[in-house]
Structure formats: C-alpha cells, structure tokens
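Please look over the sequence and the model below. The briefing that follows goes through helix contacts, a strand pair, ligand surroundings and confidence.

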Amino acid sequence: MSRALISYTLAAGALALCMMSACKDDTTTNPQPTSGDKAHGEYLVKHVAACGECHTQRNEAGVFVDSLTMAGGREFPVGSVGSIFAPNITPDTETGIGSWTDQQIIAAIRTGRLPDTEDGKPTSDTVISPVMPYWLYANMTDSDVNDIVAYLRSLKPVHYEPTENTVPASLLVRWAPQAGIPDATPNNAQTQRGKYLVTLARCIDCHTAPAAGSGNPLAQGVDVSRFLAGGNRYVSMADPNKFITAKNITPDDDTGIGGWSTGQIDSALALGWDDQHEGLCPTMPWASYNAMVKADRDAIIAYLRGIPSVKNDVAENDPGTSCQHP
Ligand code: HEC
Ligand code: HEC
C-alpha cells in the first residue's frame, strides 16, 4: 500500500462531524494585522513547502487551475472508507480562512489544530488529519510561519467550498511532531539548513516508509531507521491503474543516489531529470522546487550526502508510466 494511502487511511474521521465550514464559523475573532514578510512567505509556500501541490486543484491535463489557487478541493482517497478534501486556504471569509486570526492559522500549520469550539477547548473535532503535514511543520520557525501567514493573507479570496470529507469519524489520530530526523555528517550550518528544508519540503513524507505497525490507525509518522530510503508507491497521474515509486535518496552507492554527481542531484530536484536523463513524474514536485534558490538546493544536497546510507532496492515504476517533459 502506498505511503499516501496509508497516511490517508490513518486520517482523521472527526471531520465528518466537524465540517470544515462549521469549524470556521466558530471563529469570531477578527484577523490581526500581520507582520510577516509576504515575499519570503510566497517563496516558502510556492517553492519549498509547495502547499499548492495539495491546496490547488489540477485540471484533467494535470495543470494547476489558476482561478482556484489555494482554494482547495483536491481529493485524497482514504483507502475504501472515504476521502479527505484539501480545504480552501485563501482569505475568503466564508469558504476560506479569511476570518481566522494569525494564531489560529499558525496552530493549524504547526500542530494540526483547528480553531477551538465555543467553550474554548480543543476537541477531537478540532484535529486536522495528517494528510496535512503539520507533523513535519512543527519546528517551522516563528519567522517563517509568520511570513507564510502574511502571504496567505495577500492571496485573492476565492469563494469556493470544497467537497466535505467523507471518512467515518472513527479513525481520528493527531500525529505528534516527527521525531528522530537524523543530523548529517558533517553536522554544520549548511547541513542543518538542509535538514530543515528537507522537512519543510516534505521529502521525508514521500521518500520514507511509514513507521512499523502503521496498519494500526494509531501509529504515527515515518520509519526513521529507513530514513529517505524510498519505496512508497504512488498512483501515476498519467494512468490511475499504475504506480510509480519514490526512490531511495540516501547516499547508498548501489540502491540510493551515492553515485550521483551534485549536478545530477540538483537536476533531479530543480529540473526533474534522473541520472539517465529520464523525466521524473510530477508527483515528485520538481516543478515547484524549480525556483528554490541555489543556496537552499545546495543545503539539501549537502544534507542528503551526509545522512546514513540505507540499502533498499525499491521497485521500478510500472511500465508505461514514463513522464518525459520538455
Ligand atoms: C500533502 C498535502 C498538503 C500539503 C503539502 C499542505 N497541506 Fe494544508 N491541508 C491538507 C489537507 C488535506 C488539509 C485538511 C485535512 C483534513 O481535512 O483533515 C489541510 C489543512 C490545512 C489548513 C487548515 C484549513 C482548514 O480550513 O481546515 C491550513 C491552514 C493549511 N492546510 C495550510 C497549509 C500550508 C500553509 C501549507 C504549506 C506550508 C500546507 N497546508 C501544505 C493538505 C496539505
Ligand atoms: C509528493 C511526494 C514527493 C515529494 C514531496 C518529494 N519527492 Fe522526490 N520523488 C518522488 C517520486 C514519486 C519520485 C519518482 C519519480 C519518477 O520515478 O518518475 C521521486 C524522485 C526523486 C529523485 C530521483 C531519484 C531517482 O533515483 O530517480 C530525487 C533525487 C528526489 N526525488 C529527491 C527529493 C527531494 C530532495 C525532495 C524534497 C526536497 C523530494 N524528492 C520530495 C516523490 C516525492
């Protein structure tokens, strides 16, 4: 089962009780003026965290629908039990997060907590499912999260109500912040920056297998003993009956990217080519990372080179899923 499907299977059912709009209607406080740096927030949202990969719908040709930028609606199937739909995070006051305070938005991003109910206490209904990677955003700096809020507030409000979640209310689980993310060797300012970026950019979520026992809805997070060693299967965007595999990106020479040059890793990250110059599929969000600044890409590469090698020969992509691009 793909990492994605497992995550989604674990996803909260509470939202079946707490429909997104109803949760928002509980919020009566006015938004506070925001102090963050909007331009830097835009950089993080578009080119590092790639929030739009989930919060903006694509059309049938796989292209983002501009008129629905950050307006939600992308469906995340939860096995056979239902679906989670990404919410509208534009500043529309009725269908988006326009009436939320900065603190409420920050809590959603870093802790997966929705605005409290009338009595002021968070309940099981106020937990966001871990499809939203708040468990990786937990250590986002105050400065970065404020910048993201400033950028979200500057977006065009889009009046659009995504479909309500259909998962049953029995699988609720709040994921703790992901623990055990390794430091690289050498451990220095550049590799620490790389570690931070690999977390924000969610490489960890896609390229690491789920923690053991994740068949159990109460299990959490990823298996750090196989950190970034790949293997999760994703439905091909080109053919929903076929799967592609997130690759082993540890420095293992045989099964990982230990033999790749820095230029080759950079080209995978920013241009979507593997070491054989085969096109990487858009599930790997290289098109978003394309405008990541070089210093940040270098930090990611330095970090990837210094993490523990894991031998893990992952499955090939299914035949007929090739993703050539110009
Ligand atoms: C992997 C997909 C994914 C990514 C990446 C992602 N989100 Fe989300 N986000 C979701 C989903 C799905 C939900 C709703 C989960 C639910 O209904 O349980 C959500 C919920 C939210 C909410 C709560 C909104 C509401 O009305 O409930 C906010 C705010 C939010 N995301 C902001 C962000 C920001 C900012 C980023 C980037 C820094 C981001 N998200 C990245 C999938 C994602
Ligand atoms: C949404 C899931 C997802 C995210 C997030 C993601 N990847 Fe990937 N990545 C994939 C998939 C799937 C592939 C395989 C694509 C293909 O074969 O067409 C891949 C391929 C790669 C490759 C090529 C490896 C090879 O052997 O061909 C590299 C390198 C890579 N990713 C690095 C990263 C880094 C670094 C990050 C974070 C900055 C990242 N990925 C984020 C899913 C993801």
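**Helix packing and ligand shells**

In the contact of H4 with H8, Lys 38, His 40, Gly 41, Glu 42, Leu 44 and Val 45 of H4 meet Asp 144, Asp 147, Ile 148, Ala 150, Tyr 151 and Ser 154 of H8; contact means C-beta atoms, placed from the backbone, within 7 Å. Helices (H or I, at least four residues) and strands (E, at least two) are DSSP runs numbered from the N terminus. This is a predicted model, in which local features need pLDDT of at least 70, side-chain atom pairs count only at pLDDT 80 or more, and totals for chains, interfaces and linings use all residues. Residues are numbered from 1 along each chain as its sequence is written, while chains are lettered from A and ligands numbered from 1 in the order in which they are written.

- The contact of H4 with H8 has five nonpolar, three polar and four charged residues (nonpolar: Ala, Val, Leu, Ile, Met, Phe, Trp, Tyr, Cys and Pro; charged: Asp, Glu, Lys and Arg; polar: the others, Gly among them).
- H4 (residues 38-48) and H8 (residues 142-154) pack at about 95° with axes 7 Å apart; axes are lines fitted to C-alpha atoms, for helices over the stretch in contact, and angles run from 0 to 180 degrees between N-to-C directions.
- H4 and H8 are therefore roughly perpendicular (65 to 115 degrees; under 35 is roughly parallel, over 145 roughly antiparallel, and the rest oblique).
- The axes of H9 (residues 189-200) and H13 (residues 294-306) come within 7 Å and cross at roughly 95°, which makes H9 roughly perpendicular to H13.

**Strand pair**

- Strands S1 (residues 75-78) and S2 (residues 82-85) pair in the antiparallel sense over four bridges; pairing requires at least two bridges found by DSSP.
- Glu 75 has Phe 85 in S2 as its bridge partner.
- Three residues lie between the strands of this hairpin, where Gly 79 takes a positive phi near 50°.

**Ligand shells**

- Around ligand 1 there are 27 residues, the closest being Cys 51, Cys 54, Pro 87, Ser 129 and Met 132 (a residue counts if its C-beta atom, placed from the backbone, lies within 6 Å).
- H5 (52-55) and H6 (102-111) each give two or more residues to the shell around ligand 1.
- Ligand 2 is surrounded by 25 residues, with Cys 203, Cys 206, Lys 247, Cys 281 and Met 284 the closest.

**Confidence**

- The protein chain averages a pLDDT of 86 (the predictor's confidence in each residue, from 0 to 100).
- Over residues 1-31, pLDDT stays under 50.
- Where pLDDT is low, the predicted coordinates should not be read in detail.

Conventions. Two residues are in contact if their C-beta atoms, placed from the backbone, lie within 7 Å.
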